[in-house]
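Me: I've just opened this one and would like to talk it through before I set anything up. Can you take my questions as they come?

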Amino acid sequence: MILLALPHVLGKYHVHIATTILFFGYLGMAWNLLGGYAGQFSFGHAAFFGMGAFTSSLLQIHAGVNPWPGMLLAGMAGLLLGLFVGYICFRYGLRGPYFALAMLAVAEMLRLVAIQWMTAKYPLGINLPLKGDSLLDFQFKSKIPYYYVILLMTAGLLFLTHHIEVRRIGLYFKAIRENENAAESLGVNAFKTKMIAMALSSFFTAMAGTFYAQYYLTLDDEAAFGTAVSIEALLGPILGGAGTVFGPILGACILELLSETTRNFLGGYSGVHLMVYGFVLIIVIIFLPNGVLGGLKTLFRKAQGQRKQQE
Amino acid sequence: MILLAVRELTKTFGGLVAIKNLSFELKKGEILGIIGPNGAGKTTLFNMITGFYKPERGEIHFKGENVTGFRPHEICRRGLARTFQITQPFANLTVLENVKIGAHSRIKSNREATEEALSILERVGLYEKRNELAATLSIGHRKSLELGKVLATKPEVILLDEVVAGLNSKEANDMIARLKMLREDNITILIIEHVMKAIMSLSDRIVVIHYGEKIGEGKPVEISKDPRVIEAYLGEEYVLAKGL
């Protein structure tokens, strides 16, 4: 309820911040399904993000496809890419850092293709046709409608994550993350389970790509396939707590507020805010290796254990 | 009725022959022990039966079906489950969640799987520990958890890889009693064990492996007197000195 009323209280700048937080929260949650729950640490989610952004944008420009169905098609394109990459990686048993690097390579390949292709066709970047202010066209003059769109998307993914968490598939994801051999020996089809995680994660990540394109109405190779996107997708969940329902959104909150605050207070000294930002990140990762929510859980367990001992 | 039949199984790692032309059968309701000195190939045999390794030659039949080369999860879903010598807990999950994963192999519903897992935790003596993380358990409890996870899949045949070794004497006795109870649940058991007291008191029959080959098979009493078995364990000189 508070989140629904929020944009009417805040100014334009703060609505933008809130939208960014939700956007990174959503992106993190999509990553979290594969990286956090199923433990398949992807370092190249930009591949799906860019795939989604390019699919809906190009369809809109060349075929006049409305961005709403475009977003769904973007998701499907991301999903197909995810299944393809997933099949190759998981079929041949790429695990841990090898999988992470393979994903990075996929994203980089797509980025290089995008660079070459854009130099030839879109030297000024891809600019979406301006259609004015209309819900039907997924274009708004004000930032507030975008806020509501991403709020809805985030809420939907939050709801889905919660449902996965309390069902068999969620436990299977975690089983694979914790110990793949043991999971297999207890009847878990590791390959199939990883493919499901990959499909969900790539589908929702690609949809974030469409949102991004509609929000900024312009797109280039770096914004779509750049390593920065891959890092942003995983930083939130890791900071907030990977493999938890609320971790990614909490992480996105902390990151965004931290980066905005450091920028506001230290913006005068160029680069200093990035140093402070990096320093705080290092501290959190050293002292809370399981993220903020993971750290709280451990504290809670310790407190419980102590209470038991006193009894 | 023969539940599990292993026929002329062979597995090599590079130049090393881990298992050579090994055959045996497991009958419904029996407890078959597998013994042999370290490195004899016992765990390799388990890894082949449960689908973790592919044999070079030979076949594995379970309930009349040729399951050679099946994936581990397929083997498990057919009713043949195993424990690991080095326990393999899902470390950052609770004890209850660990066992639920096994229960989910045949139960989809979260609530029913939880109920099933709780009743199994009671049987293996871990009910009190249900909400603790598996990583925090002692070795004795870990072995019990290993058994609990496997039982949750409701197997017809269970392969136990050294579930008694490493336990203190009270824990060992509890575990042996628990394994004897499994027979009453109609579970057939194939067990690898180094603790002789356990294997001699549990097994109906014993197969002895040495350098990947079967060197003896029979009732525990016969096996303990077989000179070839004593030689494998204690050396040729011991046999000569004893005049066996």
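Me: Which residues of β7(B) are on one side and which on the other, and are they buried or exposed?

Reply: Keeping in mind that this is a predicted model, B:V157, B:L159 and B:D161 lie on one side of β7(B) and B:I158 and B:L160 on the other, and all of them are buried, so that both faces are covered. Counted over the strand, which spans residues 157-161 of chain B, that is 5 of 5 residues buried.

Me: OK, and which strands does β7(B) pair with?

Reply: One partner is β6 (residues 80-82) of chain B, which pairs with β7(B) in the parallel sense over 3 bridges, and there B:A81 has B:I158 as its bridge partner. Another is β8 (residues 188-192) of chain B, which also runs parallel to β7(B) and is joined to it by 5 bridges; here B:D161 stands opposite B:I192.

Me: Switching to chain A, at what angle do α6 and α9 pack?

Reply: Helix α6 (residues 144-165) and helix α9 (residues 190-216) of chain A pack at about 175 degrees, with their axes 11 Å apart. Angles over 145 degrees count as roughly antiparallel, which makes that the description for α6(A) relative to α9(A).

Me: And which residues make the contact?

Reply: From α6(A) they are A:Y146, A:V149, A:I150, A:M153 and A:L157, while α9(A) supplies A:F204, A:F211 and A:Y215. By class, the residues of this contact are 8 nonpolar, with no polar and no charged ones.

Me: Last one: how many residues of chain A are in contact with chain B?

Reply: There are 17 from chain A, in contact with 22 residues of chain B. On the chain A side, α7 (168-178) and α8 (180-185) each supply at least two residues, and that side divides into 7 nonpolar, 5 polar and 5 charged residues.

Notes:
Residues numbered from 1 in each chain as written. Chains lettered and ligands numbered in written order. Predicted model: local features only at pLDDT ≥ 70, side-chain atom pairs only at ≥ 80, totals over all residues. Axes fitted to C-alpha atoms, helices over the stretch in contact; angles between N-to-C directions. Helix = DSSP H or I, 4+ residues; strand = E, 2+ residues; numbered from the N terminus. Parallel < 35°, antiparallel > 145°, perpendicular 65-115°, else oblique. Contact = placed C-beta atoms within 7 Å. Nonpolar A, V, L, I, M, F, W, Y, C, P; charged D, E, K, R; others polar. Buried ≥ 20, exposed ≤ 12 C-beta atoms within 10 Å, placed from the backbone. Pairing = 2+ DSSP bridges.
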